[in-house]
Amino acid sequence: MPEMTYVSRLTASQHAAGTVYAAFDNHKMGDFKPYLLRSTDRGGSWESIAGNLPENGTVYAVASHGDTIYAG
């Protein structure tokens, strides 16, 4: 992840204790990639879950319902 990203959203899971989602934004540096991460240990470690999101689509909103994650 680039150094100068901004946190655009932090969302705690309502279905899995200790799980939190974080979206980052770097559009001010001309980078419109989606940066979406998940932690299952209350922020101790993070993994990218951007997967197959469009290459040019900043994430500003995150919601989850069970195993389904919605990014907007």
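Let's start with Thr58, which sits in the loop that runs between strand E4 (47-48) and strand E5. This is a predicted model, so everything here is read from computed coordinates. Is Thr58 buried or exposed? Its relative accessible area is 14%, under the 20% cut-off, so Thr58 counts as buried. Setting aside residues up to four places away in sequence, Thr58 touches Asp25, Phe32, Lys33 and Gly72.

Follow the chain onward from that loop and you reach E5. Strand E5 covers residues 62-65 and strand E6 covers residues 68-71; the two run antiparallel and are joined by four bridges. One of the pairings puts Val62 opposite Ala71 in E6. Together E5 and E6 make a hairpin, with two residues between the strands. In that turn, Gly66 has a positive phi of about 65°.

Val62 and Ser64 are on the covered face, while Ala63 and His65 are on the uncovered one.

Four of them, in the order E1-E2-E3-E4, form an open sheet with antiparallel pairing. Which strands stand at the edges? E1 and E4 do; each has a single partner strand, so one side of each is left without a neighbour in the sheet. Further in, E2 (residues 20-26) and E3 run antiparallel and are joined by six bridges. If you want a landmark for that pairing, look at Val20, whose bridge partner in E3 is Ser39.

What about the inside? The largest nonpolar core has six residues: Tyr21, Ala23, Leu36, Ile49, Val59 and Val62. As a general rule, nonpolar side chains in soluble globular proteins tend to be buried together.

Charged side chains come next. How many salt bridges does the structure hold? There is one: Glu47 pairs with Arg38, with the closest N and O atoms 3.2 Å apart. Both partners are partly exposed, Glu47 at 39% relative accessible area and Arg38 at 23%.

Arg42 is exposed, because its relative accessible area of 71% is over the 50% cut-off.

Here are the accessibility values side by side:

| Residue | Relative accessible area | Class |
|---|---|---|
| Thr58 | 14% | buried |
| Arg38 | 23% | partly exposed |
| Glu47 | 39% | partly exposed |
| Arg42 | 71% | exposed |

Finally, the whole chain. The protein has six strands and zero helices, giving the pattern β-β-β-β-β-β along the sequence. Its radius of gyration is 12 Å, close to the 11 Å that the globule rule gives for 72 residues, so the protein is as compact as a globular protein of that length. Along the principal axes, the C-alpha atoms fill a box of roughly 35 × 20 × 15 Å. Buried residues account for 33% of the 72. The protein exposes about 4800 Å², and carbon and sulfur atoms supply 51% of that area. Of the contacts between residues at least 6 apart in sequence, 32% join residues at least 24 apart.

Note on methods
Residues numbered from 1 in each chain as written. Predicted model: local features only at pLDDT ≥ 70, side-chain atom pairs only at ≥ 80, totals over all residues. Heavy atoms only, no water. Pairing = 2+ DSSP bridges. Buried < 20%, exposed > 50% of the residue type's maximum accessible area, 1.4 Å probe, protein only. Contact = heavy atoms within 4.5 Å. Core = buried A, V, L, I, M, F, W, Y, C linked by side-chain atoms within 4.5 Å. Rg over C-alpha atoms; globule rule 2.2 N^0.38 Å. Areas by Shrake-Rupley, 256 points an atom, 1.4 Å probe, with all protein chains shown as cover. Salt bridge = Lys/Arg side-chain N within 4 Å of Asp/Glu carboxyl O.
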